[in-house]
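My notes follow in the order I looked things up.

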Amino acid sequence: MISILLATYNWPQALKLCLESLATQTDKNFEIIIADDGSTESTKKVIESFGNSCPTAIKHLWQEDQGFRKTKILNQAINAAHGDYLVFLDGDCIVQPDFVARHRELAQKGYLVTGSRVLLNDSLTQELLTWSQWSFQKFSSDLIGKRVSGGINKYWPLKIKLGNGSWRVYKKFVWRRIKGCNMACWKADAEAINGFDETMTGWGHEDADFVFRLQHHGITRKSGSWSTEVLHLFHKINDQSNAAENARRVREKILVKAL
């Protein structure tokens, strides 16, 4: 079984769309574990409402809001997962109906997958947040128009899906295109490196650190592009005051391992 580890923080309207998109999956053999970094009661209400109408198993993990501590709550989610394969997703992302199926297709022992995203602009995001119910069919009815107007920054990855293959494999650690909002690995591999580095607090690069340590552990990275794209809702940039320090720490680990 696949465990979707869904990170969220105080954006219940976006989380509702994300959960509704997960409810439309063609592959239904998965559970949802929500890793909540301190959201208020409104988020809890969205989760409870969704859980009452969705047959998919869902668990809500919550920790007190003490600043950006995504690494800590994700480690709790890893520990709570019943699935042997973990797919990491953020609550500000909407998935396509074949999202779980595509990740299952790319799952392979000894590998991790880093997926990609399609960015939505502010106008399209605000429109989607007014929808009473998510519908991928409705969203994709005029993708060309959305691309031309700047509503989305990619068109073809939503229309063309490519399968597994050696062309997806990264030969070495590459910082680019690591998105914690869409990546996957085996639970046993995440546990072998003790999950995320909880000393990394504040926004930035905790996902790159996680991928680097997996690769150093002997796990090969491959791309999930042109297969697992998520729709990333527009929002204001997070507080990035810790990003430079987190990046420095990852680079330091890379240099030490290279010696």
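This is a predicted model: local features need pLDDT of at least 70, side-chain atom pairs count only at pLDDT 80 or more; totals for chains, interfaces and linings use all residues.

**Alanine 81.** I started with alanine 81, which is buried at a relative accessible area of 6%. My burial scale: buried is under 20% relative accessible area, exposed is over 50%, and partly exposed is in between, with a 1.4 Å probe and protein chains only. Alanine 81 sits in the loop between α3 (70–80) and β4 (85–90). For the element names, helices (H or I, at least four residues) and strands (E, at least two) are DSSP runs, numbered from the N terminus. I also checked alanine 81 against isoleucine 32: they are 49 residues apart in sequence and 8.7 Å apart in space, C-alpha to C-alpha.

**Ground rules.** Residues are numbered from 1 along each chain as its sequence is written, and side-chain values use heavy atoms, with hydrogens and water left out.

**Salt bridges.** How many salt bridges are there? I get a count of eight, taking a salt bridge as a side-chain nitrogen of Lys or Arg within 4 Å of a carboxyl oxygen of Asp or Glu. The general idea is that side chains of opposite charge can pair when their charged atoms come close.

The pair I looked up next is lysine 161 with aspartate 98, at 2.9 Å, N to O. Lysine 161 is in the loop between α8 and β8, and aspartate 98 is in the loop between β5 (93–95) and α4 (99–106), so this bridge ties together parts that are 63 residues apart in sequence. Aspartate 98 is buried at 18% relative accessible area, whereas lysine 161 is partly exposed at 21%.

Then I went into α4. Arginine 102 forms a salt bridge with glutamate 105, and the closest N and O atoms are 3.6 Å apart. The two are three residues apart in helix α4, which means about one helical turn separates them. Glutamate 105 comes out partly exposed, with a relative accessible area of 39%. Putting these together, Asp98, Arg102, Glu105 and Lys161 are linked in a network of salt bridges.

I checked α9 (residues 187–192) too, where lysine 187 and glutamate 191 are four residues apart, about one helical turn. They form a salt bridge with the closest N and O atoms 3.9 Å apart. Lysine 187 counts as buried at 14% relative accessibility, and glutamate 191 as partly exposed at 43%.

**α10 and what follows.** Is α10 enclosed or open? Ten of its eleven residues are buried, so α10 is largely enclosed by the rest of the structure. After α10 comes glycine 218, with a positive phi near 105 degrees. Isoleucine 219 lies in the loop between α10 (206–216) and β9 (220–223), and it is buried at a relative accessible area of 8%. From isoleucine 219 to aspartate 98 I get 121 residues in sequence and 25 Å in space, C-alpha to C-alpha.

Most residues other than glycine have a negative phi. Which residue has a positive phi of about 65 degrees although it is not a glycine? That is asparagine 194, in the loop between α9 and α10. Asparagine 194 counts as exposed, at 65% relative accessibility.

Tryptophan 226 is not a glycine and has a positive phi of about 60 degrees. Tryptophan 226 is in the loop between β9 and β10 (230–232) and is partly exposed at 31%.

**Nonpolar patch.** Tryptophan 226 turned up again here: with Trp156, Ile160, Leu162 and Trp167 it makes a nonpolar surface patch of about 510 Å². Patches are made of residues with over 30% relative accessible area and no salt bridge, joining like charges within 9 Å and nonpolar side chains (Val, Leu, Ile, Met, Phe, Trp, Tyr) within 5 Å. Areas are Shrake-Rupley with a 1.4 Å probe, and for residues only the protein chains shown count as cover. Isoleucine 160 is in the loop between α8 (156–159) and β8 (182–186), and at 35% relative accessibility it counts as partly exposed.

**Helix packing.** Last, I looked at α1 (residues 12–22) against α2 (residues 41–53): they pack at an angle of about 20 degrees, with axes 9 Å apart. That makes α1 roughly parallel to α2, since angles under 35 degrees count as roughly parallel. Axes are lines fitted to C-alpha atoms, for helices over the stretch in contact, and angles run from 0 to 180 degrees between N-to-C directions. The crossing of α1 and α2 is right-handed, meaning that the near helix is turned clockwise from the far one by less than a right angle.

How values were computed. Angles under 35 degrees count as roughly parallel, over 145 as roughly antiparallel, 65 to 115 as roughly perpendicular and the rest as oblique.
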